[in-house]
Amino acid sequence: MASGWFYLSCLLLGSLGSMCILFTIYWMQYWRGGFAWNGSIYMFNWHPVLMVAGMVVFYGGASLVYRLPQSWVGPKLPWKLLHAALHLMAFILTVVGLVAVFTFHNHGKIANLYSLHSWLGITAVFLFACQWCLGFAVFLLPWASMWLRSLLKPIHVFFGAAILSLSIASVISGINEKLFFSLKNTTRPYNSLPSEAVFANSTGMLVVAFGLLVLYILLASSWKRPEPGILTDRQPLLHDGE
């Protein structure tokens, strides 16, 4: 039963993550004019898409690699490499998203890093970079002792969840900020709840739902990697001789 609920949760998670990205793309394409890479407002439109994809969806998915029952048996190195590679992909998307917004701001003589949204976002990215480098050095390279890994593992897990939470807070505040700026001088301002506001708010709720489900899967004790020698109903059984 636990295994069935786990895979059902993963299916729901994949659907929510895809919807988060597709909804953000549609918002930028339909209401904000599409995409470009020329320093214009259309270059900015890459920022929300890439940050949602990188700091929320790919990051959240990468965090759950060790919750897969297949990762509980056999060598751990392939799963460590997958975990690191998915996070690296998330980080690359994030960096490109930051390049898009900083280039747009500099091209338009707009100040950088003045809002709470930007403070939350840059903090999450900085912690993400530190987390990835520390994880690569301690958990992937062979030099670290088991004692050091055991000491740092709870810290690594805590900051993984904290970075995702900061990312979600940054996305939500960014959606709110974008709507305030975009609908400020229109015939239907934000407080009249035009269709764009309804759609963008709904996108934000999808991001929250995705993040909460990731955190639930991470924290559910029955879905954590079992200690050596402990078999659960989700762990694949090995046949004799394997």
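The sulfur of Cys10 is too far for a bond with the closest cysteine sulfur, that of Cys20, because the two are 16 Å apart. The structure holds 0 disulfides, a disulfide being a pair of cysteine sulfur atoms within 2.5 Å. The model is predicted: local features need pLDDT of at least 70 and side-chain atom pairs count only at pLDDT 80 or more, while totals for chains, interfaces and linings use all residues. Residues are numbered from 1 along each chain as its sequence is written, and side-chain values use heavy atoms, with hydrogens and water left out.

- Cys10 counts as partly exposed at 25% relative accessibility; buried means under 20% relative accessible area, exposed over 50%, and partly exposed in between (1.4 Å probe, protein chains only).
- Cys130 is also partly exposed, its relative accessible area being 38%.

**Salt bridge**
- The whole structure contains 1 salt bridge, defined as a side-chain nitrogen of Lys or Arg within 4 Å of a carboxyl oxygen of Asp or Glu.
- Arg32 and Glu196 form a salt bridge in which the closest N and O atoms are 2.9 Å apart.
- Arg32 lies in the loop between helix H1 (2-30) and helix H2 (41-44), and Glu196 in helix H7 (residues 195-219), so the pair ties together parts that are 164 residues apart in sequence.
- Helices (H or I, at least four residues) are DSSP runs, numbered from the N terminus.
- Arg32 is partly exposed at 22% relative accessibility, whereas Glu196 is buried at 4%.

Terms used
Helix = DSSP H or I, 4+ residues; strand = E, 2+ residues; numbered from the N terminus.
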